[in-house]
Amino acid sequence: MYNVPVEIAAGQVHADIRQGLSSEEAKKRLNQDGFNEFRKQKRKTLLVKFFEQFKSFMILVLLIAAAISGVVGYMNGEGFTDAIIILVIVILNACIGTAQELKAEKSLEALEKLSAPYSKVIRNGQVETIPSREIVKGDLVVIETGDLVPADMRLVEAVNLKIEEAALTGESVPETKHTEPIEGEVPLGDRENMAYSSTLVSYGRGKGLVVATAMDTEVGKIAGMIQSVPDMKTPMQVKIDQLGKFLGIAALAICALIFLVGILEGREVLAMFMTAVSLAAAAIPEGLPAVSTIVLAIGVQRLAKKNAIVRHLPSVETLGSTNVICSDKTGTLTQNRMTIVSLFTDNRAEEVAESLSPDQQQLLVSSILANDAKLSREESKWQTTGDPTETAFLDLGIRFNLNKNSLEKETPRVAEIPFDSERKMMTTVNKQDNLLTVHTKGGLDELLACCSSILSNGIVKPLSESEKDNIRKANVKMAGKALRVLGVGRKSIDSLPAEISPQTLENGLTFIGMVGMIDPPREEVKDAVMKCRTAGIKPVMITGDHKITATAIAESLEIIEDSNARDTAMTGSELDKLSDEELLAIVDQTSVYARVSPEHKVRIIKAFQRKGEIVAMTGDGVNDAPALKLADIGLAMGITGTDVSKEAADVVLADDNFTTIVAAVEEGRRIYDNILKAIQFMLSTNIGEILVIFIAIMANWASPLLPIQILWINLVTDSLPALALSVDPADPDVMQRKPVDARQGFITRPFFARILLQGIMIAGLSLTAFLIGMQTSVETAQTMTFAVLAFTQITHVLNVRSELHSAFRNMFSNKLLLGALAIVLLLMIVVLEVPHLHDIFHLTTLDRAHWLWVIGLSIAPLPILEIVKGVIRLTRGKAAQK
């Protein structure tokens, strides 16, 4: 492809280098060639996932117990009832585990799709943004600074285009590109008219004709890259695994002790073995890792609905600990819709009125022509795409019937010098009939240096120093109103110079005027900032804009609470003068950083982290990648962000909104709280079950529960309520407390003490039921213990929803939990009341008096913990007053 002219290359892939493919043809090729993505690793089949659930040590112990029970039952003529019940319970547990694994995998697949990169293509003659995976051979792709090249392409347009090909060739210096054919066989790094998949556009812009996708690309051939969902464990999951192993060993030790004591007391060996094994299976919280995965997976989906696309699961946990949010201004704190509100012509600034003067019209025409923003018609409405500053001119042009497409049709662009950060200007040359006109817009100081005349009331005259001073004063005045100011100039030339460069075109310009524009603050951000402060989170604005503009926006949003006190603003140049130690001393007193570079962002993050803060940082540019990776939470902009910044980030903000960051932090806290709720519920109930059997055996009482009863309680009461807790809404005060200390383990002493005491409470109530039932018969005692142990766990779920607040507060806010409790309650009542099931579970019918005891003991956890919570609230309230 690199040996032939563009037109022949287009013919070889049956494409149009101006209109691009039609939607129908693109769809046809997509169906024929498949998606533009690398082959994925084969996933485990459903059957493999199911059988992997039986790898657990305790499941294997249960299967052995079922086999022994079946043999003994057959030999004693008792049948296989116990063995079948154990097997059914084991299979049900395996089904639940498989379902949980499938749900987590599907959630991560959805996440992978949500975080996939997008590309701009021309189809049907219009620029469209589509997922990169939908690009097909023959597509016409538009690339610009900061983009990752989505496929192998033959370039058809290259305007000052440079591409970093280190990912492919190892060459770190960007390669300058052109569109001319190359003669002979040349190595990959010398194919200057080609752009290859996974390389980075570092400068300029261009268009390319896709000649290879997916595994046919050069990167696909060499690297054989595989896209698959990463198998990663979060820090909390690792801690939960460790906790589960510790508790498992402890539970096995206790169960072995129970078995030995039972044998010494003369109990039947098989019965004690089955009891010990069943208790071990019920006591070991092997479901904890699965529950935490589901909570995280559901949390990821909830965050996606709130426009926060999580790319790395560990970041979900970190979000809840964030206490500093460093946010860009443009588009995140503001609307990212620059609006021109002031025009400076004829030595005076005026607000945009209902009509334009001739000079104002010329100002706007030149601004629209020296502009790379795109204008397209969608659903009877004009849509602009491009840099927000540039789209502002197109929006104003539409308002005054100055359509960019029509203007460029009348005066097509024949040459250009793209904007760059050093010159801070952009220039185009447009042709109308035989007249060539240079249009330049950019920073005022830079533009004035290129101007020698001024347009005033339709007359061009020399530009004097006094007029320059007046223009500069007007600029300062406009900037003081938090307006972004750009200057505009033009000139006519007879012919294009031999070399298109700033030196040949950007001189001798006529100054036409200035425009003042503002990116209004988002209305919802002010409330989000206040929510940050009440949650113990410091909001910090970091922007490349001027200090005056940044401070004005920050004060309007109350990011700066008191500009005369400790809350201050700082510029990048002021930051350069500070040592790391000096910055460390004042970093928590500075709320605004203006005119900063990506390197400054890195210093700011390091300073906060040295103070032990958990920092979230936003970024959108290629150069922001180091800061995004260094931050505890890297937040990339989904709309304005480059592909490189998205790859480096932990979370992508689909709407570029600061409010979404705060919502994500709130969701992170909710997820963290819900995992703790599930841990608290499962551990406290498991401790209760162990203590019931342990105390009874040690006291030489009859066994309060039979193996099948233990396994049934574990199956019914553990899984459904614990999973339902994962969608529990956040506490109303979740954003009114300080962030969780990320360095602190989640099993703190107070938390473990709470779990232990709640387990003792459940065991005490269950043993009370046992002793009351023993006054009638062993069967009645076991039935009452079975009922109370299960029902107390149902009521206990309501208690663990909040550490401090009443169980009846927002009781109906989690309908899934109520549904899960209703199912558990129904299953328990069926087992207790259906006579045929009594034989299977070795139960007896309870009379009214016994049922009243069961009900009273089962609801007792509610008033007990309501009193405890009330005492804690009262104690903390008094402590706060002191």
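Strands are DSSP runs of E with at least two residues, numbered from the N terminus. In this predicted model, that numbering places Asp346 in the loop between β10 (339–345) and β11 (348–351).

**Asp346**
- Asp346 is not a glycine, yet its phi is positive, at about 55 degrees.
- The relative accessible area of Asp346 is 13%. Buried means under 20%, so Asp346 is buried.

**Asn124**
- Asn124 is found in the loop between β1 (118–123) and β2.
- Although Asn124 is not a glycine, it has a positive phi of about 55 degrees.
- Is Asn124 buried or exposed, or in between? Its relative accessibility is 40%, so Asn124 counts as partly exposed. That class covers values between the buried limit of 20% and the exposed limit of 50%.

**Pro131**
- Strand β2 covers residues 126–131, and Pro131 is in this strand.
- Pro131 has a relative accessibility of 19% and therefore counts as buried, because the cut-off for buried is under 20%.
- Which residues is Pro131 in contact with, leaving aside its neighbours within four places in sequence? They are Pro117 and Tyr118.
- In sequence, Pro131 and Pro150 are 19 residues apart. In space, their C-alpha atoms are 9.7 Å apart.

Terms used:
Residues numbered from 1 in each chain as written. Predicted model: local features only at pLDDT ≥ 70, side-chain atom pairs only at ≥ 80, totals over all residues. Heavy atoms only, no water. Helix = DSSP H or I, 4+ residues; strand = E, 2+ residues; numbered from the N terminus. Buried < 20%, exposed > 50% of the residue type's maximum accessible area, 1.4 Å probe, protein only. Contact = heavy atoms within 4.5 Å.
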